[in-house]
Every structure is written in structure tokens, then in C-alpha cells.
Amino acid sequence: CLLPSDFQMQFLLSVVVLAICFAGHSESSELQAPASRFVTVEHAGTLSAPKIDFCSACITFSESAMNSIVNIILNAGIIGSCSKLCEALAEKMNSSIVGVGCTLLCSYVGVREFIKLVEDADLDPFYLCELLHVCPTFDNGDAELLNATVSPPKGPKGTEFSVEVSFATKNGTGIGESVIEIDTVDKVPVSGAQVTQAQKPGEYVITWTVHAKPDPNCNPTQQACEQWLAGNYTATVGLCYGECGSKHPHSEIYFTGSVNFVLT
């Protein structure tokens, strides 16, 4: 069969973009990227982003659905059509919107190629969307950390700490993610990640706002919950091309840095 033209593919992905926006208001959060343990962090910055972003739509879908797709493939064996695969996914995730996104992306390349690409991507959403030719690659990118600060440097439990990261790029960057990991007093894993668009040469700022208070939605019977005890904390921040820590092509850690703050 003939593959859709670039224009047709953009049209199909625009449907996914709209579906993702719609899902945020009408369904449960199956289409959102998996919630990080760092649910009390806000992300902001001076980075630019396109008004309609097909690549991020693909990444959001892949983050939500890849693990479930892999499980369906492993349990179901041979799957003969996109409709069967995506109907099973929609049922598993209890979301018709997820099924629509799956159908559009799977139909773009065909079910056999789609399954092969999902397996090759090995749960890396950035690499999957690159294999699908939805996300561009840019292997000549660079970024250098200029400064990392935290304000205020100390405060009581409940304080909002602003972690600001400034960096410069000479060649520009590829699409990837900015991350933050905090070494806590009680050693509960705390981290967050945000998709970062490709940027042109220049200087940029990324800001993470850390709300140092227990998450009311954290269930201690299901997982360890950060209590934000008094003591010293280290926030490690980074910027990556592709998924941080990925061993796939088109992946790189541009820089990491760290700052310290104190809960009194």
C-alpha cells in the first residue's frame, strides 16, 4: 500500500494533538506522560516551541502507551492488523483516544513495521518517534551549562525553591528532555523530566519550581512518600538530546550540574 504524504501525515498527527488536548479535559490521564515521582515540580523557561508540535504529540503517546503495546505483543503473539492491536490497547488502557493515536501511527507504516519499530525502540519514546520519522534528528547539537542556582538557598518545609539553569548552544540542540533529580534526606527517589524542543543557537534558561511539602496524593501503602525532612538537599539537573541515559542512536547528555539547598 502507499504511505501517506508528509502533508497527510501532519494532518493525521494534528488529530492526535487535538485528541491529546481533548483527553486532558474529558478522560482520565492515560494520554499524559507517566507521572514522575516529582509531582510537586513545575517546569518553565525561555525555550521556544512550535504552536502545533507533531513530534511532542508522538512522544506523549509513546510514553503513555509503549509499555502496554509491548505487553500486548508479548501476550498475543502474531497480530495481523493495526485495528486488532490498537483495539486491544484501547481496552487495556481504557481509553478510546489512545486507540485513535495508535491506529494513526500504526497505519502510517503498517502493523508489521510498527511492531518491529516498537520492539527496536525498547521503551525509548524519542527513538520510536524518530524511527517513525515523526521527530527529526540533529546529531551535531551541543549545549554548555553556564550557571545553576537555587532561590532561596534555605527555608522551612513548604518553601517553594526555584532551581534555575542557564545554558548556551553554539550549533543548536536536538529535541530531548530536561531532567531534575533530588537527593533527599530520607532517600526517597524524587525526580522529574520534561520534553525539551530543539533550539537554535543562543542562550536559554530552564526553571524548575520545587514545592518542598508532602504530596497529598501519594499513597504510602503503594509507594514511599517524600516527607521533606529538615536537612541538606542536592538537586542535579541535566539537558539531553533524546532520552537521558538512552543507549540508542541520536541520544546524548549535553550537560549536568547540581545545586544545594537546606530545609530548616
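I call a residue buried when its relative accessible area is under 20%, exposed when over 50%, and partly exposed in between (1.4 Å probe, protein chains only). The model I looked at is predicted, so I took local features only at pLDDT of at least 70 and side-chain atom pairs only at pLDDT 80 or more, while totals for chains, interfaces and linings use all residues. Residues are numbered from 1 along each chain as its sequence is written, and side-chain values use heavy atoms, with hydrogens and water left out.

**Entry 1: the whole chain**

I looked up the secondary structure and found 6 helices and 9 strands. Helices (H or I, at least four residues) and strands (E, at least two) are DSSP runs, numbered from the N terminus. Of the 264 residues in the chain, 46% are buried. I then looked at contacts, meaning heavy atoms within 4.5 Å. Of those between residues at least 6 apart in sequence, 73% join residues at least 24 apart.

Ser68 lies in helix H2, which covers residues 54–76. Is Ser68 buried or exposed? Its relative accessible area is 13%, so Ser68 is buried. Leaving aside neighbours within four places in sequence, I found Ser68 in contact with Leu89, Lys92 and Met93.

Glu63 is also in helix H2. With 24% relative accessibility, Glu63 is partly exposed. I looked up one distance from Glu63: its C-alpha atom is 8.0 Å from that of Asp124, although the two residues are 61 apart along the chain.

**Entry 2: H3 against H4**

Helix H3 has residues 82–93 and helix H4 has residues 96–109; their axes come within 8 Å and cross at roughly 155 degrees. H3 is therefore roughly antiparallel to H4. Axes are lines fitted to C-alpha atoms, for helices over the stretch in contact, and angles run from 0 to 180 degrees between N-to-C directions. Under 35 degrees counts as roughly parallel, over 145 as roughly antiparallel, 65 to 115 as roughly perpendicular, and the rest as oblique.

On the H3 side I noted Cys82, Leu85, Cys86, Leu89, Ala90 and Met93, which meet Ser96, Val98, Gly99, Cys102, Thr103, Cys106 and Ser107 of H4. The residues of this contact of H3 with H4 divide into 9 nonpolar, 4 polar and no charged. Here Ala, Val, Leu, Ile, Met, Phe, Trp, Tyr, Cys and Pro count as nonpolar, Asp, Glu, Lys and Arg as charged, and the others, Gly among them, as polar.

**Entry 3: H4 against H5**

How do H4 and H5 pack, and at what angle? I found their axes 6 Å apart, at an angle of about 105 degrees. That makes H4 roughly perpendicular to H5. H4 brings Cys102, Leu105, Cys106 and Val109 to the contact, and H5 brings Val111, Glu113 and Phe114. I sorted the residues of the contact of H4 with H5 into 6 nonpolar, no polar and 1 charged.

**Entry 4: salt bridges**

A salt bridge is a side-chain nitrogen of Lys or Arg within 4 Å of a carboxyl oxygen of Asp or Glu. By this rule I counted 2 salt bridges.

One joins the side chains of Asp120 and Lys116, at 2.8 Å from N to O. Asp120 and Lys116 are 4 residues apart in helix H5 (residues 111–121), so about one helical turn separates them. Asp120 is partly exposed at 37% relative accessible area, and Lys116 is partly exposed at 42%.

Lys187 and Asp183 form a salt bridge at 3.3 Å, N to O. Lys187 is exposed at 60%, whereas Asp183 is partly exposed at 40%.
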